[in-house]
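Have a look at the fold first, then read on.

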Amino acid sequence: MQKKLPLNPGEMLGMMGGGQLGRMFAIEAAYMGYHVTVLEPGELPPAAEVSLKHIAEPYLSDTGLTRLAQETSAVSTEFENVPAEALNRLAQDAFVAPPGSAVAVAQDRNDEKQFIEQQAHVPVAPHCHIRSVEDIEKADEKLFPAILKTARLGYDGKGQVLVDNRQALREAFDELKGVDCILEKRLELFKEVSVIVARSHDGQTATFPVCENKHRNGILAVTVMPARVSDEVSAKARQYATQIVDALHYVGVLCVEFFVLKDGSLVANEMAPRPHNSGHATIDACWSNQFEQQLRCMTGQPLADTTQHSPAVMLNLLGDIWFDGENRREPDWSAVLAVPGAKLHLYGKAQARKARKMGHITCVGKTIEEAMQRAKACAKILDLPEPQ
Ligand SMILES: Nc1ncnc2c1ncn2[C@@H]1O[C@H](COP(=O)(O)OP(=O)(O)O)[C@@H](O)[C@H]1O
Ligand SMILES: [Mg+2]
């Protein structure tokens, strides 16, 4: 039985997934007096430590989903590969945000690009669907040099191959074992930016200021907020993100990644139907943050003010900084904590592994230059490349 919205503090809220995104959500929920139950197999995942209840069952198990739906009044997700059927199953008993249909669109790069271009009327990179050897031969020559990406389950640059010509495409498709793919023209990127947008059940929308992102080895390394782009580019990115959530009839928080090209034009690259790594700076830099917004959307409360109060630079902390070559070491946290304006977030993961997301630091300042100087100081302490 679904309860009437809004759901007030004191209610139990459910989270599919118990990683760092669920953890930061649960912390936000606790501020406002909501309780959280996470569904996540495995012992003591990051979110369980700060949630009232942990259902340690597989995400898609019948018993796990039934318990989550029956014991909570609303459910959201922290990972995007939840099958739509699971969300639809939950929706029989609880209010589910985002809806399964919207999550499904984001799970397939071909559907996603088609939706963004045709339904939301937002430009995307020239591309074509590659399902077979015939598709390879039919692909437009103008797409090269290109990137071949698996349509599903790719993240952090995984499942992607650069292909300069048709022969390379044949080999890459073979290498990816002939799974459903998308071939995208490789664009010359001036910058990469993202927008965190929220849409409520009654159609209000709000965007946070634009984030400027730098990746290293396919993984987000640095976010500068607000992005150092023109006001026109910022306004356009926020408008495009809003067009996408409106077209999806979305409820919840969504991140849209964009490429800014040399001529200042924007193309949408992909979307994530949840809070996003590039939006973590909202916690320390804005009047509200992406997790509070997720909470407000799933409880049917009004959206929060997204004004930014402090310029910020976020550094992602991967497990690599716990290693000196193959030897383990503890990063010098005291030195980091001595940097003014440096806010340390660690996700409570038991074991550091290379390339594993362990935490982040957001450096705030009165100006973007000051925030950047502080981020540079933290990077130096942690042996990270200097952020720019
Ligand atoms: N069409 C493209 N042209 C140029 N660079 C691209 C293109 N598509 C992806 N990239 C680069 O590869 C990175 C990862 O691709 P993305 O589609 O975002 O996949 P993931 O799901 O792994 O984040 C992007 O952040 C960007 O740097
Ligand atoms: Mg990406």
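## Strands that pair

Two strands count as paired here if DSSP finds at least two bridges between them. With that in hand, take β14 and β15: six bridges join these two strands, and they run antiparallel. Keep in mind throughout that this is a predicted model.

Across that pairing, Cys 255 stands opposite Ala 272 in β15. β14 and β15 make a hairpin with four residues between them, and in the turn Gly 264 has a positive phi of about 85°. β14 also teams up with β10, again antiparallel, through 10 bridges. One facing pair there is Ser 194 and Glu 257, the latter in β14.

## Three domains

The protein chain splits into domain 1 (12–96), domain 2 (126–185) and domain 3 (189–381). If you compare C-alpha centres, domain 1 and domain 2 sit 35 Å apart.

## The parallel sheet

Five strands form an open sheet in the order β3-β2-β1-β4-β5, with parallel pairing. At its edges are β3 (53–55) and β5 (95–96), each of which pairs on one side only. β4 (residues 74–77) meets β5 over two bridges in the parallel sense, and Val 75 stands opposite Val 96 in β5.

Helix α1 (residues 20–31) packs on this sheet, where it touches β1 (12–16) and β2 (35–39), and its direction makes about 170° with that of β1. Helix α2 (residues 62–71) lies across β1, β2, β3 and β4, and runs at about 170° to β2.

## The antiparallel sheet

Four strands build another open sheet, in the order β6-β9-β7-β8, this time with antiparallel pairing. Which strands stand at the edges? They are β6 (127–130) and β8 (160–163); each has a single partner strand, so one side of each is left without a neighbour in the sheet. Direction ignored, neighbouring strands of this sheet are turned by 20° against each other on average.

β6 and β9 run antiparallel and are joined by four bridges, with His 129 standing opposite Ile 182 in β9. Two helices lie across these strands. Helix α7 (residues 166–175) lies across β6, β7, β8 and β9, and its angle to β8 is about 165°.

## An enclosed helix

How many of the 10 residues of helix α10 are buried? The count is 10 of the 10 for this helix (residues 290–299), so α10 is largely enclosed by the rest of the structure. The buried residues include Glu 292 and Arg 296, along with Phe 291, Leu 295 and Met 298. Just after α10, Gly 300 takes a positive phi of about 75°.

## Around the ligand

There are 17 residues around ligand 1, and those that come nearest are Ala 125, Gly 157, Glu 184, Arg 186 and Leu 187. The elements giving two or more residues to this shell are β9 (181–185), β10 (189–199) and β15 (266–272).

What does the shell look like by class? It has five nonpolar, five polar and seven charged residues. Domain 2 (126–185) and domain 3 (189–381) each supply at least three residues to the shell.

Conventions: Residues are numbered from 1 along each chain as its sequence is written. Chains are lettered from A and ligands numbered from 1 in the order in which they are written. This is a predicted model: local features need pLDDT of at least 70, side-chain atom pairs count only at pLDDT 80 or more; totals for chains, interfaces and linings use all residues. A residue is near a molecule or strand if its C-beta atom, placed from the backbone, lies within 6 Å of it. Ala, Val, Leu, Ile, Met, Phe, Trp, Tyr, Cys and Pro count as nonpolar, Asp, Glu, Lys and Arg as charged, and the others, Gly among them, as polar. Domain bounds come from an automatic or database domain assignment. Axes are lines fitted to C-alpha atoms, for helices over the stretch in contact, and angles run from 0 to 180 degrees between N-to-C directions. Two residues are in contact if their C-beta atoms, placed from the backbone, lie within 7 Å. A residue is buried if 20 or more other C-beta atoms lie within 10 Å of its own, exposed if 12 or fewer, and partly exposed in between; C-beta atoms are placed from the backbone.
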